[in-house]
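Here is a briefing on salt bridges in a predicted model. Look over the chains, then read the points below.

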Amino acid sequence: MQNSFLNTKKAQVGDTMTWLVATLIIVFVITISVLAVSISPKLFDKQIYLDDKKKDLLAAKSISGFLENKKNVDILNKRDYSKFEVEVKKLISVMYPYFPFTKDFSGAWNFELYEGEEQRIRILTYSPPININLEFESKFVLENDKLRFWAECSGGRCK
Amino acid sequence: MNKIGADKVISVYWFIILFLVAGAVVYIVSEFYGKPYDVREVEANIMVNQVADCLSENGKLIELNEEFRNDFMKNCRLNFKTEFEGEGEYYLEINFTDFPDGKNKVFSDIITGNLNLKEGLLITKDSGSFRYSLKSFYSLAKDGDSEKEIVVKILSIVRKTEKNAK
C-alpha cells in the first residue's frame, strides 16, 4: 500500500499543468505587448505639438494689417457693415489656406463686430460643437467699435 | 519517491519565465523611450513665425530691396547650418501674391535651402522623412504713394530625420 501510494504522481502532474497554463498565458500577453510596440508606430507617436499657445502671430499680423488699411477703416467709419463683412470674409479666406496647423485638427477663424453693446457682424466659418474652446482670441477696440477674431477647432484644441 | 527533485526543476523553470518577462518589459520600454520626440513641425512653425516677424512690421511689409534679399538669412536671423555637413536640412520659400485671389505675383519669391525637400514634399506629402509648415498672412506693401494689399505665403520644410524619427 505504501508503494502504490508513493507511485502516484498526480500532485506532480497538477503542478506541471498549472505552470503550463501560466506559461501559455504569459507568453500570449508578452507577444501581444511586443507586437503592439513593434507594429503600431502611431500608438507611440512622439510628435510634439504646442498645446499651450494663446495667440497666433500670423493671425495677429493679418488682422493688424487689415485694420491698418485706410480703405477698411473708412468702410467701418461709414458704418457700411455689409461691405465690411465682405472684406473680413476675404481676409479670413487667406489667413490660413491650410488651417489647421496639422493634418489631424480642423478648424476655422471667426469674427464679431460690436458697435457699443450691439452686435453688428458675426461671421462663423466653423460650426462649433458643444463645449468647444475659443482659441487664439484677438480683440481690437476702435473708438466705439469692438472687433473680435478667434479660432475654433475640432479635436479640442487648436495647435 | 520524494519530490525534492521536482521542486528544483520547477525553480529553474520559474527563473526562465522571470527572465522572459523581464526581457520583454525591457524591450518594450526601450522601444518606447528609445524613440526620439519629433519636434520638426514645431520647428517649421517657429521658422515661419520668425520669417513673418522679419518681413512684416505693424501690418506692413518691409522694403524688399536687393540688399535685403542678398542678406536675407542674416537680416532675418536664420541659420540653416547643422551638424550634418553637405545635406540641407531646411527649405524656405516665400511667395508674395495679390489679395485675395493670390494668382498674380507682386514681388519675386525668396527661396533658400535644400530644393530637394520641396520636390520630396510634392511627391510624398505625408512622409515621415520631413515635416512642413505652410501658412499665409495678409499685409500691406508700398506701391508708390499708395498701399497694396498682398498675401505672403511661407513654406518651411524641416528634414532632420536622424534626430527626430526612428
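A salt bridge here is a side-chain nitrogen of Lys or Arg within 4 Å of a carboxyl oxygen of Asp or Glu. Over all chains, the whole structure holds 20 salt bridges. The model is predicted: local features need pLDDT of at least 70, side-chain atom pairs count only at pLDDT 80 or more, and totals for chains, interfaces and linings use all residues. Residues are numbered from 1 along each chain as its sequence is written, chains are lettered from A in the order in which they are written, and side-chain values use heavy atoms, leaving out hydrogens and water.

**Within a helix of chain A**
- A:Lys70 and A:Asp74 form a salt bridge, N to O 3.3 Å.
- Both residues sit in helix H4 (residues 70–77) of chain A, four residues apart, about one turn of the helix. Helices are DSSP runs of H or I, at least four residues, and strands are runs of E, at least two, numbered from the N terminus.
- A:Lys70 is exposed at 58% relative accessibility, while A:Asp74 is partly exposed at 29%. Buried means under 20% relative accessible area, exposed over 50%, and partly exposed in between (1.4 Å probe, protein chains only).

**Strand to helix in chain B**
- B:Glu93 pairs with B:Lys118 in a salt bridge, with the closest N and O atoms 2.9 Å apart.
- B:Glu93 lies in strand S3 (residues 90–98) and B:Lys118 in helix H5 (residues 115–123), so the pair ties together parts 25 residues apart in sequence.
- B:Glu93 is buried at 8%; B:Lys118 is partly exposed at 24%.

**A network in chain A**
- Shared partners join A:Arg79, A:Glu115, A:Glu118, A:Arg120 and A:Asp145 into one salt-bridge network.
- Within it, A:Arg120 and A:Glu118 meet at 3.4 Å, N to O.
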